[in-house]
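Please look through the structure shown here and then read the short briefing below, which treats a few of its features by topic.

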Amino acid sequence: MKNEWPLWEVFIRGQHGMSHRHVGSLHAPDAEMAIKNARDVYTRRNEGVSIWVVEAAHIAASSPSDKGPLYEPSNSKVYRHPTFFDIPEDVGAM
Amino acid sequence: MADKLNKNDALFQFLLRLGDNTLVLGHRVSEWCGHSPVLEEDIALANTALDMIGQTQFWLGLAGEVEGKGRTADNLAFLRDVWDFRNLLLVEQPNGDFGQTMMRQFLFDAWHSIMLGRLMKSSDQRIADIAEKASKEVAYHLERSADTVVGLGDGTEESHAKMQTALDLLWPYIGEMFVGDEVDAEMVKAGVAPDPASLRDEYDALVGRVLADATLAIPDSKFAHKGGKTGMRHSEHLGHILTQMQWLQRAYPGATW
């Protein structure tokens with residue numbers, strides 16, 4: 001186990017103005033190599049303009065068993081969903 | 001007239017050297033596909049190999065054009081025998097272990113990046129254009145191979161020992177990069193390419209810096225194997241590469257996808 005490289009989560013921004021998206025994970029000895037590996041594994045077909053990597057161990061995640069209390073209350077409140085507006089096309093991606 | 005022919009032939013030979021370096025090393029590196037120590041390195045090495053094969057298409061494509069006998073890049077890659085290849089002896093050396101492969105890659109990338117930098121200022125616009133495109137790929141190859149050499153050289157006791165062994169083994173193949181001949185003299189005269197010897201200082205500085213970071217000792221010997229770029233004396237390894245690389249075109253002449 002000691003010889004295993006840590007796991008890194010990879011986020012890539014596809015175009016300027018868009019946000020970084022999680023694309024997958026990989027192993028690497030350090031952050032610098034993780035970015036290089038991400039470049040080779042996830043951007044070989046010109047997918048990105050920016051790469052973020054973060055060690056998987058540093059991500060705090062919600063627990064699947066908390067699903068009910070965390071997300072269900074918003075379902076019954078239609079006024080929380082901004083579906084009553086027409087967004088002009090010129091606005092672009094939101 | 002004889003002079004003009006001569007210059008064209010020199011240009012053809014010079015382009016073969018560039019194209020054969022990337023062809024043979026690209027093939028060598030591709031041998032790792034599916035065999036690398038970790039998945040990430042496997043993909044990275046395959047990318048590097050593909051970059052070099054892509055560069056080969058440009059160099060050998062132009063070589064065929066310059067030769068003017070209707071030979072394509074594929075003809076030159078698959079239908080020549082050992083004695084017609086003009087690559088450095090370094091690039092045909094076996095992969096060895098992963099460390100040895102990365103050391104060979106670093107020693108080549110360092111020279112390649114400096115050479116392409118000079119070729120971007122070539123008097124021949126076609127060469128300058130290919131060099132500019134290739135230099136972006138090679139800048140990344142160099143960054144990656146240098147990092148790996150430092151990581152393994154300055155790593156564990158075992159990885160350090162393997163990298164030092166690899167360096168001792170490959171160092172005698174460095175000298176050939178800087179030896180000029182009549183082909184090079186012709187290229188210098190025409191402003192097409194630099195004198196190979198003029199790259200040495202920059203190479204020594206770059207390689208010295210990285211190997212110092214890697215805590216590796218540069219062998220104290222100037223002995224240099226020669227005969228690859230002139231085609232005079234390839235090592236036995238090149239023939240073995242060609243039997244694999246050219247097998248399909250030899251067995252099924254003209255076969256296409």
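In this predicted model, Ala44(B), Thr48(B), Asp51(B), Gln55(B), Phe58(B), Trp59(B) and Leu62(B) of H2(B) meet Arg126(B), Ile130(B), Ala134(B), Glu137(B), His141(B) and Arg144(B) of H6(B), where a contact requires C-beta atoms, placed from the backbone, within 7 Å. Local features need pLDDT of at least 70 and side-chain atom pairs count only at pLDDT 80 or more, while totals for chains, interfaces and linings use all residues. Residues are numbered from 1 along each chain as its sequence is written, and chains are lettered from A and ligands numbered from 1 in the order in which they are written.

**Helix packing in chain B**
- Helix H2 (residues 39-67) and helix H6 (residues 125-153) of chain B pack at an angle of about 165 degrees, with axes 11 Å apart.
- H2(B) is therefore roughly antiparallel to H6(B), a term for angles over 145 degrees.

**Helix H8 of chain B**
- In helix H8 (residues 182-189) of chain B, the buried residues are Val183(B), Asp184(B), Glu186(B) and Met187(B), buried meaning that 20 or more other C-beta atoms lie within 10 Å of a residue's own.
- These buried residues fall within an arc of 160 degrees seen down the axis of H8(B), so they line one face of the helix.
- The face turned away from the buried side of H8(B) carries the exposed residues Glu182(B), Ala185(B) and Lys189(B), exposed meaning 12 or fewer such atoms.

**Between the chains**
- In chain A, 10 residues are in contact with 8 residues of chain B.
- H1(A) gives the largest share of the side of chain A that touches chain B, 5 residues.

Conventions:
Contact = placed C-beta atoms within 7 Å. Helix = DSSP H or I, 4+ residues; strand = E, 2+ residues; numbered from the N terminus. Arc of directions from axis to C-beta. Axes fitted to C-alpha atoms, helices over the stretch in contact; angles between N-to-C directions. Parallel < 35°, antiparallel > 145°, perpendicular 65-115°, else oblique.
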